[in-house]
Amino acid sequence: MSHHDDDQGGNGLTRRHALECMIWAGTGVLWTLAGGVPVSRGFLGSAQAAEASGFSFLQISDSHIGFNKPANPHADDTLKAAIGKVKAMPGKPAFMLHTGDITHLSKPEQFDTATQMIGEAGLDVHYVPGEHDLVDEGSGKAYLDRYGKNAKGAGWYSFDQAGVHFVGLVNVVGMKPGGMGSLGAEQLAWLADDLKAQADSTPIVVFAHIPLYALYPEWGWGTDDGDQALTLLKRFGSVTVLNGHIHQLMQKVEGNVSFYTARSTAFPQPAPGTAPSPGPMVVPSEKLRGLLGVRNVLFTPGKALLAVTDSSLEGV
Amino acid sequence: MIGRRSLIATALVLAIAGSALAEDAPLAPTVKIENFTFSPAELTIKPGTTVTWENADDIPHSVVDKGTKFKSKPLDTGDKFSMTFTEPGEVTYFCGFHPHMVGKIIVK
């Protein structure tokens with residue numbers, strides 16, 4: 001699938017295409033994007049040997065605890081496998097992000113199971129909710145009671161790690177009929193204020209559940225007012241946007257902003273437009289784990305582009 | 001003989017019921033939720049009609065009134081939600097999980 005805008009490079013399309021193919025094909029290959037040019041840096045092992053002065057963090061997404069349909073009757077087993085993969089990773093990541101749909105139906109026991117299993121990683125975890133996490137009777141109370149202690153509004157917040165500013169956004173509240181994800185005026189005002197304190201040179205990492213740009217509006221894969229957030233991010237030299245929701249890898253670069261969608265730990269979804277609907281994709285059971293995965297992100301001081309490595313759960 | 005007679009009677013009753021259904025809108029219509037679509041997307045009913053939504057997808061959906069008068073619980077696979085519409089008018093609804101899914105009930 002190609003949903004990319006051109007970058008400034010004259011031969012951007014060729015490079016992009018090459019990168020895209022490699023991303024779809026590869027696990028365990030570390031890509032550093034320097035000045036827009038992807039450079040292979042070998043296999044996972046060299047990542048930890050790289051710059052000791054930076055830090056790495058992880059992303060998992062869409063664990064959907066409680067899902068038990070044919071696409072994966074055991075979403076808890078695959079989350080367990082993902083956490084096993086995380087624990088086996090070389091080096092100690094600074095923390096882990098979970099980009100939403102922790103649970104399938106926001107039930108207390110689903111949150112409890114997820115929290116317990118994810119806790120096995122022994123890492124601080126920063127969550128943002130997916131639409132499946134806010135369907136309790138209290139419309140999000142169950143989520144906020146567990147994960148929203150330091151959050152504002154429906155669960156948004158920011159924090160800093162070794163010179164990098166992280167912003168967790170909620171785009172699954174106040175969604176309009178016929179629309180897609182939504183940030184809302186209150187959150188956008190907070191974001192404008194939050195970013196005010198940051199220098200243009202501060203690397204920014206934004207994480208949210210639904211893609212912030214219109215990745216595939218026909219399936220609701222985008223955020224109605226995402227452009228307003230991206231406008232606020234324009235002045236920064238290094239912006240990385242991480243999300244889940246679409247249960248597959250997808251990448252786009254636009255100016256200084258790099259977008260990455262993550263795999264789920266529960267079940268894959270079809271590539272845009274390749275199926276009648278974006279519903280769970282049933283694949284032969286031996287192929288399932290190859291389509292699920294975890295993500296490692298390496299930040300190196302002085303490098304505008306963070307190195308993103310996706311590893312599948314194949315063989316785990 | 002008795003068997004045949006009751007069979008004819010049953011056929012007659014079915015024929016009458018069938019013609020009644022053909023003239024009027026169904027008394028208890030169902031909106032199927034399948035492939036991330038409400039089907040039919042637009043349904044015209046008489047006041048007092050109860051509409052039932054049934055989710056046939058492998059992912060939960062919900063039925064949320066745009067005018068915030070009603071909202072179903074999350075409907076997992078096979079779950080149903082019913083609502084009786086008494087007032088004439090148009091009701092636009094959408095899925096709380098996937099808001100690009102929209103449907104309409106016309107009561108007249």
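Student: Which strand of chain B does E1 (residues 30-34) pair with, and which way do the two run?

Tutor: In this predicted model, strand E1 (residues 30-34) of chain B is joined by four bridges to strand E4 (residues 49-55) of chain B, and the two run parallel. Within that pairing, Val31(B) stands opposite Trp53(B) in E4(B).

Student: And where do those strands sit in the sheet, what's the order?

Tutor: The open sheet has four strands, ordered E2-E1-E4-E6 in chain B, and its pairing is mixed. Strand E2 (37-39) and strand E6 (80-85) of chain B each have a single partner strand and stand at the edges, so one side of each is left without a neighbour in the sheet. From one strand to the next, the twist averages 20 degrees.

Student: What else is in chain B, in terms of secondary structure?

Tutor: Chain B comes to one helix and eight strands, and from the N terminus on the elements run α-β-β-β-β-β-β-β-β. Of its 108 residues, 26% count as buried, and among the contacts in chain B with a separation of 6 or more, 47% are between residues 24 or more positions apart.

Student: How many bridges hold E8 to E9 in chain A?

Tutor: Five bridges join strand E8 (residues 204-208) to strand E9 (residues 239-243) of chain A, and these strands run parallel. One of the facing pairs is Ala208(A), which stands opposite Asn243(A) in E9(A).

Student: Now the cores. Which residues touch the most other members of the largest nonpolar one?

Tutor: Those are Leu169(A) and Val206(A), in a core of 69 residues. If its neighbours within four places in sequence are left aside, Val206(A) is in contact with Val167(A), Leu169(A), Leu233(A), Val239(A) and Val241(A). There is also a second, separate core of 15 residues, which includes Ile33(B), Phe38(B), Phe81(B) and Cys95(B). As a general background, nonpolar side chains in soluble globular proteins tend to be buried together.

Student: What about helix H3 of chain A, which of its residues are buried?

Tutor: The buried residues in H3(A) are Ala75(A), Asp76(A), Thr78(A), Leu79(A), Ala82(A), Ile83(A), Lys85(A) and Val86(A). The elements covering them include strand E3 (55-60), helix H4 (108-119), strand E12 (293-299) and strand E13 (307-312) of chain A. As for its length, H3 (residues 75-87) has 13 residues and at 1.5 Å a residue should span 18 Å, which agrees with the 18 Å between its end C-alpha atoms.

Student: Where is Ala192(A), and why is it classed as partly exposed?

Tutor: Ala192(A) lies in helix H6 (residues 185-196) of chain A. Ala192(A) counts as partly exposed because 13 other C-beta atoms lie within 10 Å, and a residue needs 20 or more to be buried, or 12 or fewer to be exposed. Ala192(A) and Thr231(A) are 39 residues apart in sequence and 9.8 Å apart in space, C-alpha to C-alpha.

Student: Last one: how many residues does each chain bring to the contact between A and B?

Tutor: Chain A and chain B bring 18 residues each. The side of chain A that touches chain B has ten nonpolar, five polar and three charged residues.

Notes:
Residues are numbered from 1 along each chain as its sequence is written. Chains are lettered from A and ligands numbered from 1 in the order in which they are written. This is a predicted model: local features need pLDDT of at least 70, side-chain atom pairs count only at pLDDT 80 or more; totals for chains, interfaces and linings use all residues. Two residues are in contact if their C-beta atoms, placed from the backbone, lie within 7 Å. Two strands pair if DSSP finds at least two bridges between them. Axes are lines fitted to C-alpha atoms, for helices over the stretch in contact, and angles run from 0 to 180 degrees between N-to-C directions. Ala, Val, Leu, Ile, Met, Phe, Trp, Tyr, Cys and Pro count as nonpolar, Asp, Glu, Lys and Arg as charged, and the others, Gly among them, as polar. A nonpolar core is a set of buried Ala, Val, Leu, Ile, Met, Phe, Trp, Tyr and Cys residues joined through C-beta atoms within 7 Å. The expected span of a helix is 1.5 Å times one less than its number of residues.
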